[in-house]
Amino acid sequence: MASAAVAGRAFARSLTSQSFARCARPQVLRLRAPASRTFAASARAFEKKYTEDHEWIELSSDKKTGTIGVSAYAAKALGDVVYVELPSVDLEVSAGESIGAVESVKSASDIMTPVSGKIVEANAVLEDKPGTINQSPEDEGWLAKIEVADAAEIEGLMDAEAYSAFTEQADS
Amino acid sequence: MIFRIPACRASLGIRLSPAARLHARCYSTPASLNHLNAKVQSYTSTSSDPYLNLSIEHHLLQTSPPDSAVLFLYTNRPSIIIGRNQNPWLEVNLALLNATSNQTAHHVLPSTGLSSPVDLVRRRSGGGTVFHDSGNVNWTVISPSAAFTRDKHAEMVVRALRSHGISRARVNERHDVVLDQGQKSASSATNLSPEDTHATPYQDPALRPLKVSGSAYKLTRARALHHGTCLLNSPNLNVIPHYLHSPAKPFITARGVESVSSPVGNILLENEKFEDGVREHFAGMYGEPEGGVIEVGEDWLEVEGVRKGVDELKSLEWTYLQTPQFTFSSRGTADAPVDRLPGDHDAPLVEFTARYGVVTQCNVQLTPDSPSIGDGLIGKRLHEIADWTEVLAQPESGSHHGSRWAQVTEYLQRALPRV
């Protein structure tokens, strides 16, 4: 797990620099082998990542935009969502800053962005149908799309397996 | 240390008597801040300022260690506290807030029984609107979110109340504390465990319980803040409904959170006894607080985060511009249509949409065929409209629409008064 995360970060960095010299570890070079390059790149880019704040982010195929939402685990813990405060478009945020809030069962909870960037779209469906977050938290209930400032930030997050282990630990 | 003392004078001097100022100077770095890193902390406020108390509470949420438990007790002067995502025009009779100085308010309600203005505060937690005064003690528990449930501290309050003989108290399905109103049932009394904080022998399906404590929550990644009111001996129960009844309610369709109104009652227990009971049961759950019970108050205005919190909560932008989108229509809501403006099929019409407190769409027609006179309303902040005759274009003198214009502006002035 640890080595995969390191490889991931180095790989993402090499995507922007287009330089092999920055990749210190041999396994990164293997990932960059011509035959597997396209496949490895897209598989990694499409993988959904999770934060300890229970948000998820998924990169678009051009890796410039990320879609953000709250995890199914969080949606269940929140209970019936009755209001969603959406971020405004063009809002510039740093990783960990609030990009919105939800109210459920008398509880106000902030939603944090997993990565830095600029908000390019908010999910207007949630204005009229906030319960979409409960019905489809990791698909139709997405909160916002962000123009990602540094794709490397995403690689440091948990994959589905690691997040599942994280929530099981929190519940125990 | 040296340059903190003048700062303390500057910010506190205007409010406090010389003796009190001297006292405050001693705490220019409040000694009560010394226990912010403790595992178990217990605070009681000496202030009745709702803005300050809510900001101290928020500061405790933000700064206490992730694994700590914090109790905070405070009592506010008369104030209306709306939830984070509520609409003040829908929840509150805004004309009454300045009842002592406001002629309209005198007209609507000759005597509110309250001699000073009532503060309107939007808090940071979710939930509905509540009225605070000297007969209501607010209790807050901040604890790790991992072990949190929405009932656990309401149950703590019920145990505290029962320890003072309030045996009718229980937690209901909305996480509130209610007093059951029935006769004691012998059969259920024998079947019920005294430890069951969700049932009493006084439950009677025919008699609605009285709500005495409402819950609201603010959740962050590691921490859960649960606060509640506790109505012990409010002198204002008869006037509270007037304050919480908005004249605009029949005309508003709102996103966000609408309050659920419940019959309320006083527990008739002294504030100090309730506070002692809550402290005891809090210690029973989390252990004895380090440093004992710590008094906090105006000296915490020295803390930057608290002072900024107070400034934000006091701002009209926070109170009014944080309102979720809503529409106002003189024809009422889809669920309950009304004809507020008389005239059958050719009645005047007022419709607008306000997004975050600013009018974004508007249609005001004096007759069905006439153009809208409401263009001047678009872009206006609703809470800044003092006089509706100034924002709606007046028909030319001699126009037969003059009386309709007067009718529309008077209607709006009543429904959406100056705040």
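Colleague: Where does B:Tyr356 lie in chain B?

Modeller: Bear in mind first that this is a predicted model. B:Tyr356 sits in the loop between strand S15 (349–355) and strand S16 (358–365) of chain B, and it has a positive phi of about 50 degrees although it is not a glycine.

Colleague: Is B:Tyr356 buried or exposed, or something in between?

Modeller: B:Tyr356 counts as partly exposed, because its relative accessibility is 27% and the class of buried residues stops under 20%.

Colleague: And which residue of chain A has a positive phi although it is not a glycine?

Modeller: A:His54 is one, with a phi of about 70 degrees; this residue is in the loop between strand S1 (49–50) and strand S2 (55–59) of chain A. A:His54 counts as buried, because its relative accessibility is 18%. As background, most residues other than glycine have a negative phi.

Colleague: What does the rest of chain A look like, in helices and strands?

Modeller: Chain A has eight helices and nine strands, and buried residues make up 46% of its 172 residues. Among its contacts between residues at least 6 apart in sequence, 58% join residues at least 24 apart.

Colleague: Switching to the interface, how much area do chain B and chain A bury between them?

Modeller: They bury about 1,800 Å² between them, with 39% of it on carbon and sulfur atoms. B:Arg150, B:Arg221 and B:Arg255 supply 31% of the area that chain B buries against chain A, which is more than any other three residues. In terms of contacts, 24 residues of chain B touch 19 residues of chain A.

Colleague: How many salt bridges are there between chain B and chain A?

Modeller: The count is eight, and one of the pairs that form a salt bridge is B:Arg355 with A:Glu127, whose closest N and O atoms are 2.7 Å apart. Across the interface there are also 18 residue pairs in polar contact, with both residues at pLDDT 80 or more.

Colleague: Which element of chain B gives the most to the side that touches chain A?

Modeller: That is strand S10 (residues 215–219), with five residues. By class, the side of chain B that touches chain A has seven nonpolar, eight polar and nine charged residues.

Colleague: What does S10(B) pair with in chain A, and in which sense?

Modeller: S10(B) pairs with strand S7 (residues 107–112) of chain A in the parallel sense, over three bridges, and within S10(B) it is B:Tyr217 that stands opposite A:Ser107.

Note on methods
Residues numbered from 1 in each chain as written. Chains lettered and ligands numbered in written order. Predicted model: local features only at pLDDT ≥ 70, side-chain atom pairs only at ≥ 80, totals over all residues. Heavy atoms only, no water. Contact = heavy atoms within 4.5 Å. Buried area = accessible area lost by both parts, 1.4 Å probe. Salt bridge = Lys/Arg side-chain N within 4 Å of Asp/Glu carboxyl O. Polar contact = N/O pair within 3.5 Å; in protein donor to acceptor, adjacent residues only side chain to side chain. Helix = DSSP H or I, 4+ residues; strand = E, 2+ residues; numbered from the N terminus. Nonpolar A, V, L, I, M, F, W, Y, C, P; charged D, E, K, R; others polar. Pairing = 2+ DSSP bridges. Buried < 20%, exposed > 50% of the residue type's maximum accessible area, 1.4 Å probe, protein only.
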